[in-house]
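Subject: Structure for you to look at

Dear colleague,

I am passing on the structure below, together with some notes on what turned up in it. Please have it open while you read.

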Amino acid sequence: NVRRALKNKNIWLVAFNVVFVYSVYCGLTYFIPFLEAAYALPAALVGVYGIINQYGLKMLGGPVGGFITDKVLHSATRYLQIAFVVVGLILVVFSLLPHQAIGILLGMVITLGISACVYSMRAIFFAPMDEVHVPREITGSAMSMGSFIGYLPGAFMYAIYGGILDRFEGLAGYRIVYMIMAAFAAGGFFLSTYILKTIRQNKNPEG
């Protein structure tokens, strides 16, 4: 079953789509230090922000992502495709904003919005395994393979992002990190588009 999973192209596609989501997710860790550097976020607000981000949004992200996937778009891959565009565009715009001239509240709202979207993506990023018709008898192997590959960024992305912030002081480092996150989102969009094309071809081989 492991050999069959390794030979299945669709499992690799879904697994690398998880890589793109998780690479963006790793960058969320640096929102609080960014807000402290850019807006001098007070200690009291750090606690409030952390509670909202770590508990409130994570609890809401899954149900919201699942609802939109099942009831609105009827496709997890389609939801990921759209979410990648939204997250990527917001990250690019946010990295270019004159943060010294805008209020701390706007910075908090934007970063929380990005986090909420990414949390919703995390909740359903393995769901496309069903859309690409992974055989039931190798589902366990497919999920194990997808998890191993998909979560790999956790082993090195924090070091990469942290190294950039150490090398480029101030807001410059954070802007680079956000642009890299946006690049991962762009990669996820193109891969999601390809997966959707593969799904359509599987449904209509003659088309």
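Let me begin with helix α9: at 1.5 Å a residue, its 15 residues should span 21 Å, and the end C-alpha atoms are 20 Å apart, which agrees. Please keep in mind throughout that this is a predicted model.

The buried residues of α9 are P153, M157, Y161, G162, I164 and L165, and because they fall within an arc of 155 degrees when seen down the helix axis, they line one face of α9. Among the elements that cover these buried residues are α2, α8 and α10, whereas the face turned away from the buried side carries the exposed residues A155, A159, D166 and R167.

The aromatic rings are the other topic. A search of the whole structure finds 16 aromatic pairs. One of them joins F20 and F184 in a tilted arrangement, with 6.4 Å from centre to centre and 55 degrees between the planes; F20 belongs to helix α2 (residues 9–27) and F184 to helix α10 (residues 171–203), so that the pair links parts of the chain 164 residues apart.

Y22 and Y151 form an edge-to-face pair, at 5.1 Å centre to centre and with 90 degrees between the planes. Since Y22 lies in α2 and Y151 in the loop between α8 and α9, this pair ties together parts that are 129 residues apart in sequence. Y22, at 12% relative accessibility, counts as buried, while Y151, at 32%, counts as partly exposed.

Both tyrosines also belong to a cluster in which ring pairs link Y22, Y25, Y119, F125, F126 and Y151, and R122 lies over the face of Y25, at 4.4 Å from the ring centre.

Key
Residues are numbered from 1 along each chain as its sequence is written. This is a predicted model: local features need pLDDT of at least 70, side-chain atom pairs count only at pLDDT 80 or more; totals for chains, interfaces and linings use all residues. Side-chain values use heavy atoms; hydrogens and water are left out. Rings of Phe, Tyr and Trp (its six-membered ring) pair if their centres lie within 6.5 Å; planes under 30 degrees apart count as stacked, over 60 as edge-to-face and the rest as tilted. Helices (H or I, at least four residues) and strands (E, at least two) are DSSP runs, numbered from the N terminus. Buried means under 20% relative accessible area, exposed over 50%, partly exposed in between (1.4 Å probe, protein chains only). A charge sits over a ring if NZ of Lys or CZ of Arg is within 6 Å of the ring centre and within 35 degrees of the ring normal. The expected span of a helix is 1.5 Å times one less than its number of residues. The arc is that of the directions from the helix axis to the C-beta atoms. Contact means heavy atoms within 4.5 Å.
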